[in-house]
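Visitor: I have a structure to go through. Please keep the answers plain.

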Amino acid sequence: MSLSKEQIAALAEHLENAELNASAVKKITDDYPDMDFRDAYNVQYEIRRRKEARGTRIIGMKMGLTSRAKMEQMGVDTPIYGFLADYFERAESGEISVKDLIHPKVEAEIAFVTKSPLGGPGCNAAQVIAATDFIMPAVEVIDSRYENFRFDLVSVIADNASSSRFFTGGQVLAPMSTDMRTIGVVLEKNGQVMEVGASAAVLGNPATAIAMLANQLAERDEKIPAGSIILSGAITAAIPVEAGDNVTLRAHGMGSVSMRFV
Amino acid sequence: MKQEQIDQYSRALFSALRSQSAIDPLTQSEPDMTIEDAYEISLGLMNLRIAEGEKVIGKKIGVTSKAVQNMLNVHQPDFGYLTDQMVYANGETLPVSTQMIAPRAEGEIAFVLKRDLAGPGITNAAVIAATECVMPCFEIVDSRIRDWKIAIQDTVADNASCGFFVLGDRAVSPRLVDLSTCGMVVEKNGQIISTGAGAAALGSPLNCVAWLANTLGRYGMTLKAGEVILSGSLVPLEPVSAGDYMRVDIGGIGSASVRFA
């Protein structure tokens with residue numbers, strides 16, 4: 001199916017309002033059961049266009065559904081992507097207001113910062129490493145705009161892959177001298193270890209997720225520009241957070257980054 | 001429990017081990033068995049193995065993850081003994097079909113001590129100071145209790161469900177690795193099945209070794225220089241059978257692999 005321009009604009013406005021007003025909505029496939037992937041990304045790109053028209057800058061991208069378990073659960077064999085707007089970022093050791101969010105959860109990730117553009121098709125992990133300036137520990141705050149985090153693949157793509165906030169920090173590393181499979185992460189909430197994992201949980205190597213992103217963007221004639229920050233996908237399960245929570249991510253050889261939710 | 005009963009259960013577990021035939025949970029016939037009773041049975045079991053020529057070369061620590069502690073409803077780890085007959089070389093083939101009942105593989109960090117550790121009062125720092133090296137390790141656990149239907153007393157009595165272990169290809173000073181955040185990647189037949197990090201075991205494998213030294217110290221026992229200490233699984237247990245190949249990689253430490261036949 002392909003949605004009309006008007007339908008795409010209406011769905012984008014509907015989902016963006018849900019984000020901006022922090023109020024959950026029903027998943028959009030309830031009303032548009034025949035929507036496909038392309039429609040869903042068209043909605044996502046329309047949300048992006050609306051933000052850019054208001055002066056918001058797009059600073060990078062995020063990958064979602066990068067673990068085998070999540071892909072199987074959603075019945076897909078490729079990950080999905082979303083964009084990062086400038087106001088999604090929060091300074092490390094700072095605060096995130098949960099008033100602005102619906103039902104936030106945090107996940108441990110590795111962020112890539114690029115120094116040269118990356119384009120597909122045919123992009124591979126070696127090219128990703130060559131184009132990466134450095135990697136750093138990141139916590140992504142996901143916040144589905146759908147009630148109870150209940151969605152299908154098409155709905156979540158349209159909703160910018162649940163992207164909402166993120167913070168990075170700690171010790172940056174050069175990808176050339178890092179074993180990107182065995183970076184261990186420890187995600188703590190209020191001083192308690194909640195989740196642990198290693199970076200290979202992301203498609204065997206998070207660099208592979210970035211290569212897949214470049215290849216997926218090529219289908220829309222887009223590239224990853226130099227200077228982008230890319231969240232490569234969750235290493236751990238997502239844990240819910242609320243006001244008063246303090247979240248710390250420790251990553252092997254990469255120090256730590258922490259945040260208060262208020 | 002009376003010594004007579006303890007001896008009887010030690011012999012039952014020894015016979016189950018040697019014949020690879022599981023027995024009913026001990027806690028089924030002895031619901032009032034304490035953890036202390038269970039350690040007495042475990043010691044009796046080990047003495048039977050020593051009498052047949054096995055030599056104790058270290059200890060293993062179990063029940064170190066939140067998931068397993070919740071499953072067994074205990075909030076402390078346990079320990080068992082390692083003997084020279086439990087070691088397989090890195091990459092070697094372990095004949096599970098003739099040697100084990102219901103084997104499961106765990107990725108761990110092994111400590112090799114260069115100095116004795118005598119608790120109480122052993123800190124993380126003391127563990128680092130007394131450790132010659134840490135190594136990647138697979139522990140292949142097994143339960144002589146039918147279908148792994150274990151209470152904490154059952155697994156303690158059964159030598160903490162220990163089976164065999166494999167040490168990996170590298171030995172690293174514990175001064176060079178952050179043992180709490182080092183990542184672990186476990187593959188089975190070439191596919192990643194789980195990942196973890198050091199903090200999965202009581203917050204750090206160092207905490208596990210310190211716990212063991214302090215716990216044994218209360219009974220006047222010492223961890224000896226040269227002993228190997230398996231510090232506890234960092235990933236969920238994975239059932240294995242003949243034909244499987246498993247590999248573990250640990251960030252900053254190295255890897256280990258084992259085949260099953």
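Visitor: Is the crossing of α1(B) and α3(B) left-handed or right-handed?
Guide: Right-handed. A crossing is right-handed if the near helix is turned clockwise from the far one by less than a right angle, and left-handed if anticlockwise. Helices (H or I, at least four residues) and strands (E, at least two) are DSSP runs, numbered from the N terminus. This is a predicted model, where local features need pLDDT of at least 70, side-chain atom pairs need 80 or more, and totals for chains, interfaces and linings use all residues. Residues are numbered from 1 along each chain, chains are lettered from A and ligands numbered from 1 as written, and side-chain values use heavy atoms, without hydrogens or water.

Visitor: What's the angle between α1 and α3 of chain B?
Guide: About 55 degrees, with the axes 8 Å apart; axes are lines fitted to C-alpha atoms over the stretch in contact, and angles run from 0 to 180 degrees between N-to-C directions. α1(B) is therefore oblique to α3(B). Under 35 degrees counts as roughly parallel, over 145 as roughly antiparallel, 65 to 115 as roughly perpendicular, and the rest as oblique.

Visitor: Which residues of α1(B) and α3(B) meet?
Guide: Among them are I6(B), Y9(B) and F14(B) from α1(B), and I41(B), L45(B) and L48(B) from α3(B). Contact means heavy atoms within 4.5 Å. By class, this contact has eight nonpolar, two polar and four charged residues. Ala, Val, Leu, Ile, Met, Phe, Trp, Tyr, Cys and Pro count as nonpolar, Asp, Glu, Lys and Arg as charged, and the others, including Gly, as polar.

Visitor: And in chain A, how do α1 and α2 pack?
Guide: At about 65 degrees, with axes 8 Å apart. The contact includes L11(A) and E16(A) of α1(A), and I47(A) and R50(A) of α2(A). Its residues divide into eight nonpolar, one polar and six charged.

Visitor: New topic. Where is there a cis peptide bond in chain A?
Guide: Between G120(A) and P121(A), with omega about -5 degrees. P121(A) is in the loop between β4 and α4 of chain A. In chain B, a cis bond joins G119(B) and P120(B), with omega about 0 degrees. P120(B) lies in the loop between β5 and α6.

Visitor: What is the phi of V63(B)?
Guide: Near 55 degrees, a positive value in a residue other than glycine. Most residues other than glycine have a negative phi, and most peptide bonds are trans. V63(B) sits in the loop between β1 and α4 of chain B.

Visitor: How many helices and strands does chain B have?
Guide: Eight helices and 13 strands. Its C-alpha atoms fill a box of roughly 50 × 45 × 35 Å along the principal axes.
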